[in-house]
Amino acid sequence: MDLLAKNLPFILQGLGLTLALSLTTLLFVTILSGLLGILATLRFRALRILVRVWVELFRDIPLIVNIFLVFFVAPLAGLDLTPFWAVTVGLSLWGSANGAEIVRGGLNAVPRHQWQSAAALGLKTWEVYGFVTGPQALRAILPPFVGLLTLLIQATSLGALVGVGEFFKVGQIIVERTTMMEGWNPAFLVYGAVLVTYFVICSGLSWFGRWLERRLGRTQGRPVPASASAAPAPAPQLP
């Protein structure tokens, strides 16, 4: 424990970078997944094809290859990304491809008559997604999406491979430095602390997801938008 206390500032620095990397990645993944998942359910075939290409391109490539691809290829394209942003982009591409499928599946699980009823009421497309189908799909989307987010938090440790000084990299440096300079191997102590820290972060996110799921289950529904009270108007069939 003395070793951890002695290196506490260094450890906190790495933990702070891991949290920053995680929050940035989760924000981008959540936004991109929502947009791509919605586009994948619209009736415009060209948009659905583009989303499918995005999903299959990045989902079928191993996560670590995505990170290496961004880190080594981006400079060739004139994009001078720091290791932090290279890892963020690589994780976001892979995460958004998987997240888009989760969102698409959740929206498609909403009974078709809900879409048809919303169209018959003359609701705009954004109102249908925001007030009718979106809230119903959210409970189906939430569990697998939270699982994806916890996986991405764990995957931030891959940043150590491209020089990001995140939490796992800090632990690795402490182990190697102590072994070389003091003659004993603290791997069990250091990596055990790393394991516990990742467990606390990911289990906290999982707990929040379960709490949010229960809260959504108690919600009786949102108020119908004002436009729903107007006389039904002809509207194209929504998927």
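This report walks through the nonpolar cores and a nonpolar surface patch of a predicted model.

## The main core

Let's start inside. The largest nonpolar core is made up of 34 residues. Within this core, V87, L91, F145, L149 and L152 have the most contacts. Six helices each supply at least two of its residues: α2 (8-39), α4 (63-73), α5 (83-108), α6 (112-120), α7 (125-155) and α9 (187-218). The largest share belongs to α7, which brings 13 residues.

With neighbours within four places in sequence set aside, L91 is in contact with T25, V29, L63, I67, L152, A155 and T156. One of these partners, L152, is also among the residues with the most contacts inside the largest core.

## A second core

There is also a separate core to look at, with 10 residues. Its members include L4, F167, V170 and Y198.

## The nonpolar patch outside

Now to the surface. Here L27, F28, I31, L35, L79, L81, W85 and V89 form a nonpolar patch, and together they have about 690 Å² of accessible area. Both α2 and α5 supply at least two residues of the patch, and α2 gives the most, with four.

Note on methods: Residues are numbered from 1 along each chain as its sequence is written. This is a predicted model: local features need pLDDT of at least 70, side-chain atom pairs count only at pLDDT 80 or more; totals for chains, interfaces and linings use all residues. Side-chain values use heavy atoms; hydrogens and water are left out. A nonpolar core is a set of buried Ala, Val, Leu, Ile, Met, Phe, Trp, Tyr and Cys residues joined through side-chain atoms within 4.5 Å. Buried means under 20% relative accessible area, exposed over 50%, partly exposed in between (1.4 Å probe, protein chains only). Contact means heavy atoms within 4.5 Å. Patches are made of residues with over 30% relative accessible area and no salt bridge: like charges are joined within 9 Å, nonpolar side chains (Val, Leu, Ile, Met, Phe, Trp, Tyr) within 5 Å. Accessible areas come from the Shrake-Rupley method with a 1.4 Å probe; for residues, only the protein chains shown count as cover. A salt bridge is a side-chain nitrogen of Lys or Arg within 4 Å of a carboxyl oxygen of Asp or Glu.
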